[in-house]
Amino acid sequence: MLRIGVDLGGTKIEIVALDETGNQRLRRRVPTPQGDYAATLATIAALVDAAESELGERGSIGVGIPGAESAGSGLIKNASSTCLIGKALRGDLQNLLQREIRVANDANCFALSEAINGAGQGAEVVFGVILGTGVGGGIVVRERVLTGTNRIAGEWGHNPLPYPDEETRPPPRCYCGRQGCVETWLSGPSLAADHARHGGETLTAKAIAAHADAGETDCAATLSRYHRRLAKSLAQVINIVDPQVIVLGGGLSNIGSLYTAVPALWASYIFSDQVHTQLRRHQHGDSSGVRGAAWLWNEH
Ligand SMILES: [Zn+2]
């Protein structure tokens with residue numbers, strides 16, 4: 001059985017074909033047509049057609065998107081690629097490709113990929129986190145995505161950062177209209193903005209982490225604030241879904257200190273005598289999203 005996954009991103013569209021056991025048989029990547037919905041559909045259809053003729057086999061198709069389907073209408077909402085908003089993406093692709101298609105949020109796909117055969121393999125409950133230009137999350141239970149009644153399960157990025165203190169006042173404004181969302185503290189641009197607010201020079205999140213590693217005290221202080229904020233926000237997730245494993249993805253997941261500093265801090269915010277939850281780095285790198293889209297057809 002061939003499983004095809006498509007990751008529809010803001011800058012690139014990627015396709016992968018996995019065999020029965022998850023081995024990759026094909027992978028391609030093309031630029032996303034900017035702001036053009038019809039061209040986006042045509043690009044996806046062409047990638048699928050080319051993959052299937054190359055492999056000589058028809059597959060199931062899952063698509064990961066930077067947004068979610070509205071539970072009632074099936075139209076896309078919450079998408080950072082705004083040309084998708086309000087569109088019947090799944091229905092349109094089904095018409096083009098003549099089969100049932102599954103669509104899921106890209107953070108859910110990431111979590112699914114890591115839960116099935118990545119850093120969360122074997123865990124009953126996995127929380128997958130994307131820490132990149134935005135912040136997303138997805139919950140996987142027994143190798144299935146927990147979608148939720150409103151299709152927003154795992155969307156912790158626009159919860160307010162909990163346990164406010166003098167370090168988190170005043171809360172920054174978020175593009176969603178609220179203030180102090182987790183994303184306004186934990187995304188890459190938010191880390192850079194926090195450094196600048198504390199009088200630091202304008203640096204990317206990656207540079208701040210590198211300078212902190214090299215012993216620069218201002219950058220180390222910024223990273224230390226980031227550790228505590230991540231610990232606070234993950235503690236609330238642990239209090240609710242109590243996962244065995246939390247897997248980090250996105251650019252900031254490459255900051256090595258997260259995996260020791262954050263678990264050392266989160267215990268004081270978690271309502272438990274012991275905390276066995278493991279915080280792990282992703283195993284499939286930037287191909288987790290597209291692999292997870294293929295695994296949307298994981299039947300068992
Ligand atoms: Zn927000």
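How many residues has helix α3, and how far does it reach from its first C-alpha to its last? Helix α3 (residues 106–117) has 12 residues and reaches 17 Å between these atoms, close to the 16 Å expected at 1.5 Å a residue; the expected span is 1.5 Å times one less than the number of residues. The structure is a predicted model, in which local features need pLDDT of at least 70 and side-chain atom pairs count only at pLDDT 80 or more, whereas totals for chains, interfaces and linings use all residues. Residues are numbered from 1 along each chain as its sequence is written, and side-chain values use heavy atoms, with hydrogens and water left out.

Helices (H or I, at least four residues) and strands (E, at least two) are DSSP runs, numbered from the N terminus. Burial is expressed as relative accessible area (buried under 20%, exposed over 50%, partly exposed in between; 1.4 Å probe, protein chains only). Of the 12 residues of α3, 11 are buried, so the helix is largely enclosed by the rest of the structure. The buried residues of α3 include Cys109, Phe110, Leu112, Glu114 and Ile116. At the N-terminal end, α3 is capped by Asn105, a side-chain oxygen of which lies 2.9 Å from the backbone nitrogen of Ala107.

A zinc ion is coordinated by ND1 of His158 and by the SG atoms of Cys174, Cys176 and Cys181, at 2.1 to 2.3 Å. Donors are N, O and S atoms within 2.8 Å of the metal (3.2 Å for Na, K and Ca); water is not among the atoms, so sites may look incomplete. The angles among the 4 donor atoms are 106 to 116°, and the site is tetrahedral (four donors with all angles between 85 and 135 degrees). For four tetrahedral donors, the ideal angle is 109.5 degrees. The spacing of the donor residues in sequence is H-x15-C-x1-C-x4-C. Cys174 is buried, with a relative accessible area of 10%, and Cys181 is buried at 1%.

Aromatic pairs were assigned to rings of Phe, Tyr and Trp (its six-membered ring) with centres within 6.5 Å; planes under 30 degrees apart count as stacked, over 60 as edge-to-face and the rest as tilted. The count by this rule is 2 aromatic pairs. The ring centres of Phe127 and Trp156 lie 5.8 Å apart with planes at 85°, so this pair is edge-to-face. Phe127 belongs to strand β8 (residues 125–131) and Trp156 to the loop between β10 (144–145) and α4 (183–186), so the pair ties together parts that are 29 residues apart in sequence. Both Phe127 and Trp156 are buried. For Tyr163 and Tyr269, the ring centres are 4.7 Å apart and the planes at 40°, so the pair is tilted. Tyr163 lies in the loop between β10 and α4, and Tyr269 in the loop between α8 (258–266) and β12 (278–281), so parts that are 106 residues apart in sequence are tied together. Tyr163 counts as partly exposed at 31% relative accessibility, whereas Tyr269 counts as buried at 14%.

Charges over rings were assigned where NZ of Lys or CZ of Arg is within 6 Å of the ring centre and within 35 degrees of the ring normal. The charged end of Lys87 sits over the ring of Tyr37, 5.1 Å from its centre. Arg102 lies over the face of Trp297, at 3.6 Å from the ring centre.

Ser190, in helix α5 (residues 188–197), counts as buried at 9% relative accessibility. Its side chain reaches the backbone oxygen of Thr184 at 3.2 Å.

Technical notes. Tetrahedral: all angles 85-135°; square planar, octahedral: opposite > 155°, others 65-115°. Polar contact = N/O pair within 3.5 Å; in protein donor to acceptor, adjacent residues only side chain to side chain.
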